[in-house]
Amino acid sequence: MNTILAPVMALVGWTFVMWLWMYATRIPAMQAAKINAAKLKQKSDLDPLPVSVKQIADNYNHLHEQPVLFYAVCLVIAVTGGAGAAALGLAWAYVAIRIAHSLMQATINFVPARFAIFTLGSIVLFVLWLITALDVFAA
């Protein structure tokens, strides 16, 4: 088994946790706001929802943005067999940082701290990509 796939599966699993959290909060909030899901046409139709509910949905969407690069890099590592200790450590660090980012955004959403967490995750992902790219182009 290629161990680099474990952090990939962990982040996919976390995305499903956020998906469940999103619907566990969104559906009751829509019912309370008397929003008819069958009549939704655009995102602004959900504007009456509380900010706390929207933050969770926003984070779920964010887990489909930059992490896509993480998945691609990890799949390259899996295919090329280039998962050394550094890559594996960076991959797990990225997963932990994304979980921290999710929790920050979905709860207190203090933007300066959230931005710092996002930046740290971006740097970790960049370094993971860089060592993987150097390995791929050296081959």
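A nonpolar patch, as the word is used here, is made of residues with over 30% relative accessible area and no salt bridge, with nonpolar side chains joined within 5 Å. Keep that in mind as we walk through this predicted model.

Let's start with such a patch. I123, F126, V127, W129, L130, I131 and L134 together make a nonpolar surface patch of about 620 Å². One of these residues, L130, is found in helix 5. Its relative accessibility is 32%, so L130 counts as partly exposed, and that value is over the 30% that patch residues need.

From the surface, we can turn to a residue of helix 4, S102. Is S102 buried or exposed? With a relative accessible area of 0%, S102 is buried. Leaving aside residues up to four places away in sequence, S102 touches W14, M18, N59 and L63.

Now to the loops, and to some backbone angles that deserve a look. Between helix 4 (85-106) and helix 5 (111-138) runs the loop that holds N109. N109 is not a glycine, yet its phi is positive, near 50 degrees. Its relative accessible area is 18%, and because buried means under 20%, N109 counts as buried.

Another positive phi belongs to K34, at about 55 degrees, and K34 is not a glycine either. Where does K34 sit? Its place is in the loop between helix 1 (5-32) and helix 2 (51-62). Here the relative accessible area is 74%, so K34 is exposed, whereas N109 is buried.

Key
Residues are numbered from 1 along each chain as its sequence is written. This is a predicted model: local features need pLDDT of at least 70, side-chain atom pairs count only at pLDDT 80 or more; totals for chains, interfaces and linings use all residues. Side-chain values use heavy atoms; hydrogens and water are left out. Helices (H or I, at least four residues) and strands (E, at least two) are DSSP runs, numbered from the N terminus. Buried means under 20% relative accessible area, exposed over 50%, partly exposed in between (1.4 Å probe, protein chains only). Contact means heavy atoms within 4.5 Å. Patches are made of residues with over 30% relative accessible area and no salt bridge: like charges are joined within 9 Å, nonpolar side chains (Val, Leu, Ile, Met, Phe, Trp, Tyr) within 5 Å. Accessible areas come from the Shrake-Rupley method with a 1.4 Å probe; for residues, only the protein chains shown count as cover. A salt bridge is a side-chain nitrogen of Lys or Arg within 4 Å of a carboxyl oxygen of Asp or Glu.
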